[in-house]
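Trainee: Hello! I would like to learn how to read a protein model, one feature at a time. Could you walk me through this one?

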Amino acid sequence: MLPSFSSPVRSKWSSQFAFILVSAGAAIGLGNIWKFPYILGSRGGGTFLVLHLVFITLIALPVLLAELLMGRRGHQNIVTSIQLLSSETNASPRWQGIGWLCSITLILILSFYSVVAGWALAYLTYSWHGDLTGLSPLAIENVWQGFLANPVAMLFWHSIFILMVMGVVAKGIHQGIEKASKILIPVLFMILIMLLGYATGTGHFLEGIQYLFDIQLEKITPQTIVAAMGHAFFTLSIGAGSLLVYSSYSSKSFSLGEVAVSVVLMDFLASTLTAVSIFPILFSHGLKPETGPGLTFEILPIAFSTMEGGAFLGGLFFLLSVCAAWTSAISLAEPLVALLSERYKVKRIKATLFIGFLAWLLGILSILSFNLWKSFKIFGKWTLFVSISDFSSNILLPIGGLLIAIFTGWILHRRITREELAFQNESTYKAWRFLIRWVSPLGILIILLYPVYLFIRGYF
Ligand code: TRP
């Protein structure tokens with residue numbers, strides 16, 4: 001039986017601007033503050049930036065538009081939306097499987113994301129207590145290693161973060177998500193501007209800018225290309241239905257094109273502002289951004305510990321990370337809560353408790369993989385944290401994106417996509433359709449198959 005189109009009390013965002021803010025909240029997260037600077041640092045600065053821009057425009061933006069149009073047309077949780085769209089277009093109901101796949105991706109990402117957000121919460125309190133002030137680089141390293149070795153501390157902060165997310169999601173669309181984003185996103189940009197102000201005074205600001213725009217063609221390696229494509233998905237929150245569900249709360253009068261472009265620009269702004277603020281601070285302490293995932297927790301605190309006002313500035317930086325992570329984690333949880341509450345008629349509060357508990361439980365696997373289960377490695381190679389985060393971000397997300405691209409580009413009637421996107425200009429629609437049918441799927445296939453190729457090559 002098909003569920004009916006209209007559910008009586010479905011909330012809506014209060015305006016297009018509110019929809020842009022919540023979507024920017026979903027997009028701007030640890031991907032911008034934690035991942036972007038270290039990927040950029042380890043993958044050749046400006047070279048990565050250019051690739052990032054190319055993939056955002058050619059691959060990610062079309063899929064982002066596809067999610068927005070599916071959500072608004074389906075006007076339901078992710079599974080039911082795709083079910084309704086399939087029936088409207090006389091396609092097999094099996095396509096709703098995309099919704100289930102996305103749900104698995106969401107819960108996996110939420111589980112490890114909350115653990116990392118917990119680190120930021122812990123470092124926020126350490127910074128503001130002055131616990132990191134005046135320490136030698138070695139002592140900072142010890143704080144970090146000690147923290148990772150302590151499952152109880154990690155569990156504590158992971159639990160607090162999950163509670164913060166549940167607190168907002170339980171309150172629903174208006175009182176919860178929209179209200180939180182209206183506070184957190186402006187705070188986030190204000191902090192970014194303050195950090196930028198500080199960075200310009202370090203005397204190394206130009207060096208930071210130069211690093212960002214230093215383009216060296218020989219640095220374009222297959223690994224950098226794959227990393228840039230994968231990151232384009234993660235940073236824009238696409239491939240798992242977060243924005244599809246947010247869009248299901250939008251009005252017919254909103255322009256999806258305007259929303260998509262605004263979200264991409266805000267996300268890009270957040271990433272580049274973070275990088276141009278952090279790099280000069282690192283350079284002024286003789287530190288390098290090429291160190292990988294430990295950049296924000298191991299290296300940056302070294303700079304904060306010795307500089308004047310470092311406790312405050314460090315606190316500000318971790319506050320930025322927490323604000324960003326919070327709205328993103330909300331967008332990971334909301335589609336799952338909507339699924340339970342709409343499809344299975346579970347009350348929102350109960351659905352939120354259940355999803356929060358599940359993510360909390362799964363998160364424990366990630367936590368233990370840094371200490372008690374450190375030596376347990378899947379295929380003798382990847383810890384549980386690395387397995388869960390890489391599998392969900394590098395495999396499940398692109399598969400989700402690929403299926404979404406195929407569904408909107410090849411299965412949905414052209415009439416439906418044209419009506420929903422409602423571009424003023426037919427050539428914009430044609431460009432989108434070309435990208436979603438050919439460029440995005442092929443690009444995604446490359447991201448997906450490259451690791452397989454490496455694996456096979458390494459194997460034989
Ligand atoms: N985009 C967020 C970040 O950059 C993370 C995120 C939120 C996400 N919702 C998502 C990633 C859905 C993939 C899919 O931190």
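Mentor: Gladly! Let us begin with a word we will need: contact means heavy atoms within 4.5 Å. Please also keep in mind that this is a predicted model.

Trainee: Then which residues is L155 in contact with, leaving aside its neighbours within four places in sequence?

Mentor: With those neighbours set aside, L155 is in contact with W360, I364 and I367. You can find L155 in helix α7, which covers residues 151–170.

Trainee: How far apart are L155 and V115 in sequence and in space?

Mentor: Along the sequence they are 40 residues apart, while from C-alpha to C-alpha the separation of L155 and V115 is 7.8 Å.

Trainee: Let us turn to loops. Where are E218 and I220 found?

Mentor: E218 has its place in the loop between α9 (205–212) and α10 (222–235), and I220 is found in the loop between α9 and α10 too. E218 is exposed because its relative accessible area is 63%. I220 has a value of 36%, so I220 is partly exposed.

Trainee: What does I220 touch?

Mentor: Leaving aside neighbours within four places in sequence, I220 is in contact with T47, L51 and I225. For E218 and G44, the C-alpha distance is 9.8 Å and the sequence separation is 174 residues.

Trainee: Now helices. How are two packed helices described?

Mentor: The general idea is that two packed helices are described by the angle between their axes and the distance between the axes. In this model, helix α3 (residues 46–74) and helix α12 (residues 256–283) pack at about 140°, and their axes are 10 Å apart. The two are therefore oblique to each other. As for handedness, α3 passes α12 in a right-handed crossing. By class, this contact has 13 nonpolar, three polar and one charged residues.

Trainee: And how do α12 and α13 cross?

Mentor: Their axes come within 9 Å and cross at roughly 55°. So α12 and α13 are oblique to each other, and α12 passes α13 in a left-handed crossing. On the α12 side, I278, I281 and L282 meet residues of α13, including T296, I299 and F304.

Trainee: T296 has a place in that contact. Is T296 buried or exposed?

Mentor: T296 is buried, because its relative accessible area is 3%. T296 sits in helix α13 (residues 295–306). Not counting residues up to four places away in sequence, T296 touches I33, W34, I278, P301, F317 and F318.

Trainee: What does W119 touch, not counting residues up to four places away in sequence?

Mentor: W119 touches W144, F147, L148, M154, F297, F370 and F385.

Key: Residues are numbered from 1 along each chain as its sequence is written. This is a predicted model: local features need pLDDT of at least 70, side-chain atom pairs count only at pLDDT 80 or more; totals for chains, interfaces and linings use all residues. Side-chain values use heavy atoms; hydrogens and water are left out. Axes are lines fitted to C-alpha atoms, for helices over the stretch in contact, and angles run from 0 to 180 degrees between N-to-C directions. Helices (H or I, at least four residues) and strands (E, at least two) are DSSP runs, numbered from the N terminus. Angles under 35 degrees count as roughly parallel, over 145 as roughly antiparallel, 65 to 115 as roughly perpendicular and the rest as oblique. A crossing is left-handed if the near helix is turned anticlockwise from the far one by less than a right angle, and right-handed if clockwise. Ala, Val, Leu, Ile, Met, Phe, Trp, Tyr, Cys and Pro count as nonpolar, Asp, Glu, Lys and Arg as charged, and the others, Gly among them, as polar. Buried means under 20% relative accessible area, exposed over 50%, partly exposed in between (1.4 Å probe, protein chains only).
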